Structures are given as structure tokens and as C-alpha cells.
Amino acid sequence: MEPPWFKNAAIYCIAVETFRDANADGWGDLAGLTEALGYLEELGVDCLWLEPFYPSPMRDNGYDVADHRGVHPRIGTLADFDHLIAEANRRGIAVLVDLVVNHTSVEHPWFRSARADPGSEYRDYYIWTDEPQAHREPNAMPTEQDSPWTYDEAAGRWYLHRFYAHEPDLNVANPRVRQEIRATMEFWLERGVTGFRVDASQFLVQKLAETGDSDPHRLLREMRAIVSRCRTDGVLLAEADVEIDQLQAFFGNDDEMHLLFNFYLDANLFLALARKRADPVSRILGQLPAVPRGGHWANFVRNQDELNLSHLSDEERDEVFEAFAPREQERIFGRGIRRRLPPMLEGDRRRIELVYSLLLSLPGVPVIGYGDELGMGDDLELAERYSVRTPMQWSPAANAGFSETTTEAPLRPVIARGPFAYERLNVEAQLADEHSLLRWFQRALRLRRERTEIGLGESRMLETGDPTVIAQLCERDRRGLLTIHNLSDEPRAVTLATFEPAGPPEELLADDDYAPVDGGRLELHPYGYRWVGWG
Ligand code: GLC
């Protein structure tokens, strides 16, 4: 059987409302994204993941959904969506959309009806109690919300919310809610999406387990069955932020989620960067459970949320805080950092490349956030996680070329000051510069796609004898690829005991020019990296 296509793909995450505005109203829209598809094709991504673009009061970046089967009026129409899918598919780009069924917005008609009328058919779509103290569920936003229960005056009862109080949790044990989930999935699959990014899947399972369900993972198998029934190439990419020994269960028997975000690798990558050592990365790779044939890890550096360090020990987390978020305002929820990568690395191009070179070469499917390819920065003056959600920087024109609005303020301010300001850091400037980070991403993504040893081959770590250097060998058919990274700020030379290329080695990507590989001996500059291939 052929391996699934997505194993050799790169995914690109987009918040449509901050990406590109086609109608000059200050909000990015589906039409703007459609215009930008040529750019994304050139960049070399295979799949887009669209964050929620549904009708929503937008108090949680659109994750507060008020209608699962519509488009926010400022973002476009269903016809715009259909056009986007057609144009993306024409270019060979797949589209995933966010499936947010852990909760709704308080403004969702289901909740309005549920809270107002005890006899409402929607009452049991949500989870109510008269005794919140009797329950122990933690809230996912500990510093923002004291409790996951909020008293609703209209209902005269308390409702559960694992996230913000304006996001009441859906009762996924209710067969009618299950039917709504099915209908939502079918709705988007019929419109041509390739699959979904499943929001907060750990809470879906947890809530079912709490009701005494003997098979709380069945819901995830139901989702897989719906996707598989509609498409042979369907994908479920899930957020499953659980303890490491529970992760495997979310792949199931290759019958639940295809891709799981690799929160463990991410946190340990930052620990490795803070320590200038590679061993936290190699160690965690050795601890992750095996992936099934039809699944893989979705690796990422930063996403639209905080950099989540909750799976590090307290001491390790403090080390990362110390290195990359020394100031309290850079931290959030007691567990994370609300900055983008380049400001954390003080814009050091060598380290930024090193990190993305690792991301693109480690086992798993890389997920890149919009603007990562430019090295975009953050705006700590914006509240909470909005710091990392500023508009895409297209050009040095007003509003970074994101929006031509002259009458309305853009949804969020563009970054206009400091080293990451749009006037110097933008797509237009980087396309014109062969040495820009954007051009580097184009080359690296092409190379990853062509050298299918990474995505589709067998990979193993090689002993380097040096805790600051990580080396990996990927092989497929008669081709091989060695990737090697030096996390330290000093030059390194390592000798790989088991390095026997089946052909003349060729230098494919590196931070600089190097002397050719000599036997198993390789040199690396400070923060240097090399991809060496043969066959
Ligand atoms: C996920 C999203 C996050 C959102 C939360 C609630 O964690 O990534 O942005 O706030 O779910 O939907």
C-alpha cells in the first residue's frame, strides 16, 4: 500500500482574517487568500489549515463559533469558500478546516435557546450542574478563569467551559450533538475540504470518560469513518495535549487521528535551544510512541497559541522562560510564552534557519504558521495570544499591504516598529532578495518534497558522540540523506561511526560552504546545519 500523501507534505496555517484583505474593509478574507494562492504554491506548501473563519463574536480568535456551517460575513461567503477550494485544488493544494466541537460561543443559537428555556431541545447540548464544587475539572486557561464552571442567570444553573466562560462546552455524550458533529463534517467535506484540524480532542475524550462511557475514543473513530467514507485522501490533524503515555491512543489502531501535533518535541526543542544542546530533542524523539502506518506527528515550532511548556519539568520550564521570556509580560497561563520565534532568537538568522532546518528534517509532517517564512515578529502590546496574530506583512505599503482600507482600522495593527517592522520585513522585499529567509524556505521546502527519504523513508538517529549535535539518516529505495545540526554556538566536528553512503555524497542545503564530507567526519559552524544526500 502506498504511504498516505500527507507524509511528504508541508502544512501551512492561516488565520484568514489576518492574511489578506481583498475588499479593503480591514479584515482578511477568503477572496484575499484565493489571490495569494500563487504565492503559497511558489513557497512550496502542499496543504493549508484554515483557522476558524465561521460566524463568531471573535472573542477567542474565532474559536468561539456561533455557526459551524457558515462563513463570518467579514471573511466572505460560502461561494467564496467554494472558489477558494477549486483554485487551491487546481494548484494541487489541499485544504483543512478547523473542527471546533468541544464548545460553542455563548452566542450560538443552541446556547441561546439552551440557557433561556429549560424545556429547550438544545438544553442537553451543554453540560449543567447545581454543584460546581463537586467537580474537579481544571480550566485550560488557569490564569484567566478561576473555574471551569460559570453560573448562568437565565438558566439558574452552572455550565461547564474548559476554555473561556464565553465558550460553553458541548455535551458530546448526547447523540444529537454527535449528529451535529457528523453533519458539520459532511457539510465541509461535500464542499471539498480534505479534512479537519480537530480542536481540543483531548477534552472530547475526557468528557466522555467522565460520563462513564466505556469507549470514550469511539467519537474519534466515528470522525475517522466519516472522513474515510468521503475521501481516500482524508486527513484528521488533532490537537491532543495529553500525557505522553496517552498519546498513542489518539492514533488508535490507525483508525482515529492521522496526525497529532507534537507538543513534546516543540517544548523540548526550546529546551534544547535554551541549553544550546541537542540532547533534549534526541531524548524526546526516543520517548515518543511509535506512529501507525497511516499516521504521523505534526511537528511545529510556533502556532497561533502560546508556546506551551506544560510538559517540561518546573526546572526545565524555568530555563526556557529565563532564556526566551525573561519578562513577565512575555509569558502566559503560567505555562507558556506569547512570542514568535525570531524575536526570541533576537532575529539571529543562523539560529532561525537552524530551527526550521530541524523542523523540516525531523520525522513528521512540518506545520508552518503564516509569516514564519518571513521571520515575522510579535506585538506584546496586544492582549494574551493576539501578540502572535498580527497581519501578514506583504509589502512596505500602508498596513503592510495586508489591507488597502483607508476608512476602517485593520482588524489588528501591523507591526510597524523595531527590527520586525513591515517596512523592511515583507514578502515583496524578500522575493527580491535571493538570500532572504523566504527564498531559503522556498528552497528547503522544495528539497524536502523532492528528497522523499525524509517524508516517506526510514529514518534513524546516528550516534554523534557530541551532545550538542544531532544527526539523522533517512533512506528510501537507493537514496539516502544525512541531516546534521549543531545547536551550540561553537564550531563542531563529529565523526559518525556508521556513515556509509551508497553513492557520492552531495551537499544539498547548509548554512554555509563546507569542506566535502571526509569519511564520516563532518564539520559544522556555530549553529550550523547540513543536508547531505546521495543516490
Ligand atoms: C485550541 C486553539 C486555541 C483556542 C482553544 C479553544 O487550543 O488552538 O486557540 O483558544 O482551542 O478553542
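A charge sits over a ring when NZ of Lys or CZ of Arg is within 6 Å of the ring centre and within 35 degrees of the ring normal. Keep that in mind and select Arg 123 with Trp 128: Arg 123 lies over the face of Trp 128, at 5.0 Å from the ring centre.

Before moving on, note that this is a predicted model, where local features need pLDDT of at least 70, side-chain atom pairs count only at pLDDT 80 or more, and totals for chains, interfaces and linings use all residues. Residues are numbered from 1 along each chain as its sequence is written, and side-chain values use heavy atoms, with hydrogens and water left out.

Trp 128 belongs to strand β4 (residues 128–129) and Tyr 159 to strand β6 (residues 157–160), so the pair ties together parts 31 residues apart in sequence (strands are DSSP E runs of at least two residues, helices H or I runs of at least four, numbered from the N terminus). Both Trp 128 and Tyr 159 are buried (under 20% relative accessible area; exposed is over 50%, partly exposed in between, with a 1.4 Å probe and protein chains only).

Next stop: Tyr 370. Ring pairs link Tyr 370 with Tyr 12, Phe 19, Tyr 39 and Trp 394 in a cluster, and the charged end of Arg 340 sits over the Tyr 370 ring, 5.2 Å from its centre.

Along with Met 223, they touch the most other members of the largest nonpolar core, which has 148 residues (buried Ala, Val, Leu, Ile, Met, Phe, Trp, Tyr and Cys joined through side-chain atoms within 4.5 Å). Colour helix α9 (residues 263–275) too: with 9 residues, α9 gives the most to this core.

Finish with charges. Pick Glu 306 and Arg 335, a salt bridge with its closest N and O atoms 2.8 Å apart (a side-chain nitrogen of Lys or Arg within 4 Å of a carboxyl oxygen of Asp or Glu). Glu 306 and Arg 335 are both buried.

Technical notes: Phe/Tyr/Trp six-rings, centres within 6.5 Å; stacked < 30°, edge-to-face > 60°.
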